[in-house]
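Please read the following explanation alongside the sequence and the coordinates, taking the ligand sites and a few selected residues in turn.

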Amino acid sequence: MRIIVHKTKCQGHARCSAQAPDVFKLDDEGYILPGDIEVAEGQQLLASRGARSCPERALELDPTPAARVVPDAIEPRVWRA
Amino acid sequence: MTINAVPDHVPPEMVRDFSLFTSPGMASTPNGDPHAAVACVHAGPPIFYSPYNTRDGRGTWVITRAADQRRVLQDAETFSSHRSIFSSALGENWPMIPLELDPPAHGVFRSLLNPLLSPKRVVVLEPKVRERAITLILRIAASGTSCDVMKDFAFPFTVSIFLRLLGLPDHRLDTFVGWAKDLLHGDDVKRPAAARTIVAFIDELATKRRKEPVDDFMTFIIQAQVEGRRLTEEEVRGIGVLVFIAGLDTVAAAIGFGLAYLARNIKDQDLLRREPDRIVLAAEELLRAYPSVQIIRVATKDIDFEGAPIRKGDYVSCAAMIANRDPAEFECPNTVDLAREDNRHAAFGYGPHRCLGSHLARREIVIGLEEWLARIPAFRIQNATAPITSGGHLFGIENLILDWS
Ligand code: HEM
Ligand code: SF4
């Protein structure tokens, strides 16, 4: 699972890291670090809860995780209607 | 009260007889529930014009949906917070910082101040906060089986945290509580007098720290640099005054409304006392159901918003108590559910001005509830007394007499 971080929308509520401190890392001012987050197995529940807790909607659950991970060679485009 | 004519550009059908100052339940009301009273706007349109919706009697647009409030508050270019509310009451014109600055200047000061109240920093402040809560509650427990929560606990608690933040000793606590009371609740004579006293105090403290720096908030501010220069006296004052007033009534009201709810809902009270791990989540729900702040912005240009012709200079109100009761955002918004998850409430605002003290405020509220429930047995609202609630710019509760006899 992957979380897309819209850094410019982050206003430092720190609700994400209150839910899942290991997933959502904040800088010294208390705002989310830039860069999308690849979530490890076992942390997915906490991570999605953290993403859903952002008041600014700065965190987006990537809706197509497989498409990003699975290379085209294995899953040719034609298979997807 | 000044009666304001509705501006010509406001279509008459968009005007509603509703205001956070004058609607039923907004004036001081015994046993009132002003938050439930404002929730009624969700039966109406997403935006309307309220002809009287500020302390000085001006009209505002009222944004009711949480999603639209986010849009307004995230767009500081179109919706400015430059108003000089505090200084204009003194016939002066300097901004409270960072509240009354717009980007990009806002961001410069915000970055400077963020580390002082960041989640990390709050962990360091926490032991002192707890110590203050325990001292006050032990004193209350030792002196009887009832108390006036606002006077005896909530207010002195928040004022003393402010003193700690500024590195000031507690022996002047009563003086500060007096100033804060006059400033926030005084009449037209006491309020400006208290404002002047507080400004003079902040100026004096800054002068002292310039001469003799110590390791505290004020020393940090006067030694700090923005854009390669020191802060001006006016900027130091703008920060000091804001930090003084922003964290007193707001936190006190949150504790007061929270304890009033628990006093009336014994089951929830017992549950939190038995399982204090639930308090962190419960505090979020209490902040959602009983937030205290109505935010006002000024339009910097003409804009049509959800069918409303907002014109440059119009006031736009984003009341947290309205956003937090939006059924599109919260399931059963008028039900208090202390185990509510995904609680993205608006108590601390949205956008770049998101409450700088939110991390500290959350800890103060959680610690206040934890220590109260650990030390005070089952409490109720004392017979034959009635807490008095009020609406307005800042919702509040007074005369909350709790009894555990
Ligand atoms: C439950 C308690 C509190 C509530 C409900 C609250 C609410 C708010 C809200 C809604 C705003 C946004 C105002 C706007 O956008 O115009 C705000 C801003 C602010 N608050 Fe709080 N507040 C609380 C406690 C505190 C505390 C304890 C402090 C300081 C120690 C504090 C300091 C500030 C400051 C400095 C700002 C201005 C931030 C900026 O403009 O960038 N607040 N607060
Ligand atoms: S909850 Fe949202 S706004 Fe808050 S720190 Fe996390 S990403 Fe930023």
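A residue is called buried here when its relative accessible area is under 20%, exposed when that area is over 50%, and partly exposed in between, with a 1.4 Å probe and the protein chains only. The model is predicted, so that local features need pLDDT of at least 70 and side-chain atom pairs count only at pLDDT 80 or more, whereas totals for chains, interfaces and linings use all residues. Residues are numbered from 1 along each chain as its sequence is written, chains are lettered from A and ligands numbered from 1 in the order in which they are written, and side-chain values use heavy atoms, with hydrogens and water left out.

Cys54(A), with a relative accessible area of 10%, is buried, and it is one of the residues around ligand 2, where a residue counts as near if one of its heavy atoms lies within 4 Å. That shell also includes Cys10(A), His13(A), Cys16(A) and Glu56(A).

A disulfide is a covalent bond between the sulfur atoms of two cysteines, taken here as a pair of cysteine sulfur atoms within 2.5 Å. By this rule there are zero disulfides over all chains. For Cys332(B), the closest cysteine sulfur, in Cys40(B), is 18 Å away, and therefore too far for a bond; Cys332(B) is exposed, at 51% relative accessibility.

Turning to ligand 1, its shell holds 25 residues, the closest being His106(B), Arg110(B), Arg297(B), His353(B) and Cys355(B). An oxygen atom of ligand 1 is 2.6 Å from an N or O atom in the side chain of His353(B), and a polar side-chain atom of Arg110(B) lies 2.7 Å from an oxygen atom of the ligand.

Asn53(B) is found in the loop between strand S2 (47-50) and strand S3 (60-63) of chain B, and at 0% relative accessibility this residue is buried. Its side chain makes a polar contact with the side chain of Gln294(B) at 3.0 Å, a polar contact being a pair of N or O atoms within 3.5 Å, of which, within protein, one must be able to donate a hydrogen and the other to accept it, while residues adjacent in sequence count only if both atoms are side-chain atoms. The side chain of Asn53(B) also reaches the backbone nitrogen of Leu20(B), at 2.9 Å.

Technical notes. Helix = DSSP H or I, 4+ residues; strand = E, 2+ residues; numbered from the N terminus.
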